[in-house]
Amino acid sequence: MSRKKILLVDDSETVLMMEQMILRKSYDVVTAKDGSAAVERALAERPDLILLDVIMPAMDGFEACRRLRSEEATRETPIVLVTSRGEVSHREEGFRCGCSDYITKPIDSLELLEKVKSCLGE
């Protein structure tokens, strides 16, 4: 059976490295460092799931999420927003943009794996 592919999007090398360490045992991972690269990469790679940082230069995660939802190819792809901001208003904005779930930094590896499995229907 082929492994599921996850697109990790964050402008922090440290966060990308940590997410990769947690996920690469079970999934194929590809990365992008900002929102516009995330949209391009998602359309090219067709991941099964996208972990998307919110606060990034050029295009933030909210805008990237809206753009991904506007594309036929990624409209149904689960998107988990990853951010250091856990306020209710921030979460609500994420869900208005179309995210499937939300996780706050610092990332808890067990919580991340649970959310990934849930979004992938595993």
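Modeller: Helices are DSSP runs of H or I with at least four residues, strands are runs of E with at least two, and both are numbered from the N terminus. L68 lies in helix 3.

Biologist: What kind of model is this, and how are its residues and side chains treated?

Modeller: It is a predicted model, in which local features need pLDDT of at least 70 and side-chain atom pairs count only at pLDDT 80 or more, while totals for chains, interfaces and linings use all residues. Residues are numbered from 1 along each chain as its sequence is written, and side-chain values use heavy atoms, with hydrogens and water left out.

Biologist: Why is L68 called buried?

Modeller: Buried means under 20% relative accessible area, exposed over 50%, and partly exposed in between (1.4 Å probe, protein chains only). L68 has a relative accessible area of 0%, so L68 is buried.

Biologist: What does L68 touch?

Modeller: Contact is taken as heavy atoms within 4.5 Å. Leaving out residues up to four places away in sequence, L68 touches A38, V39, A42, I50, L52, T74, R75 and I79. L68 and E40 are 28 residues apart in sequence, with a C-alpha to C-alpha distance of 9.4 Å.

Biologist: What makes a group of residues a nonpolar core, and which have the most contacts inside the largest one?

Modeller: A nonpolar core is a set of buried Ala, Val, Leu, Ile, Met, Phe, Trp, Tyr and Cys residues joined through side-chain atoms within 4.5 Å. The largest here has 21 residues, and L7, V9, I50, L52, L68, I79 and L81 have the most contacts inside it. Two or more residues come from each of strand 1 (5–9), strand 2 (28–32), helix 2 (35–45), strand 3 (49–53), helix 3 (61–70) and strand 4 (79–83). Helix 3 gives the most to this core, with four residues. There is also a second, separate core of 16 residues, which includes V15, Y27, L112 and L120.

Biologist: What does L81 touch?

Modeller: L81 touches L52, V54, G61, F62, G94, C99, D101, Y102 and I103, again not counting residues up to four places away in sequence.

Biologist: How do you know that helix 2 is roughly parallel to helix 3?

Modeller: Helix 2 and helix 3 pack at an angle of about 25°, with their axes 9 Å apart. Angles under 35 degrees count as roughly parallel, over 145 as roughly antiparallel, 65 to 115 as roughly perpendicular and the rest as oblique. That angle therefore makes helix 2 roughly parallel to helix 3. The contact is made by G35, A38, V39 and A42 of helix 2 and by A64, R67 and L68 of helix 3. Helix 2 and helix 3 have a right-handed crossing.

Biologist: What are the axes and angles taken from?

Modeller: Axes are lines fitted to C-alpha atoms, for helices over the stretch in contact, and angles run from 0 to 180 degrees between N-to-C directions.

Biologist: Why are helix 3 and helix 4 given the label they have?

Modeller: Helix 3 and helix 4 (residues 88–97) pack at an angle of about 20°, with their axes 8 Å apart. Helix 3 and helix 4 are therefore roughly parallel to each other. Helix 3 brings F62, C65, R66 and R69 to the contact, and helix 4 brings H90, E93, G94 and C97. The crossing of helix 3 and helix 4 is right-handed.

Biologist: Why is S89 called partly exposed?

Modeller: S89 has a relative accessible area of 48%, which means that S89 is partly exposed. S89 lies in helix 4. In sequence S89 and D60 are 29 residues apart, and in space they are 16 Å apart, C-alpha to C-alpha.

Biologist: Is T77 buried or exposed, and how do you know?

Modeller: T77 is buried, because its relative accessible area is 9%. T77 sits in the loop between helix 3 and strand 4. T77 touches P47, D48, L49, I50 and R69, not counting residues up to four places away in sequence.

Biologist: What makes backbone values stand out in general?

Modeller: Most residues other than glycine have a negative phi, and most peptide bonds are trans. R46 is not a glycine, yet has a positive phi of about 50°. R46 is in the loop between helix 2 and strand 3, and at 53% relative accessibility R46 counts as exposed. A58, also not a glycine, has a positive phi of about 70°. A58 is in the loop between strand 3 and helix 3, and its relative accessible area of 80% makes A58 exposed.

Biologist: What is the peptide bond from K105 to P106, cis or trans?

Modeller: The bond from K105 to P106 is cis, with omega near 0°. P106 is in the loop between strand 5 (101–104) and helix 5 (109–119).

Notes
Left-handed = near helix turned anticlockwise from the far one by under 90°.
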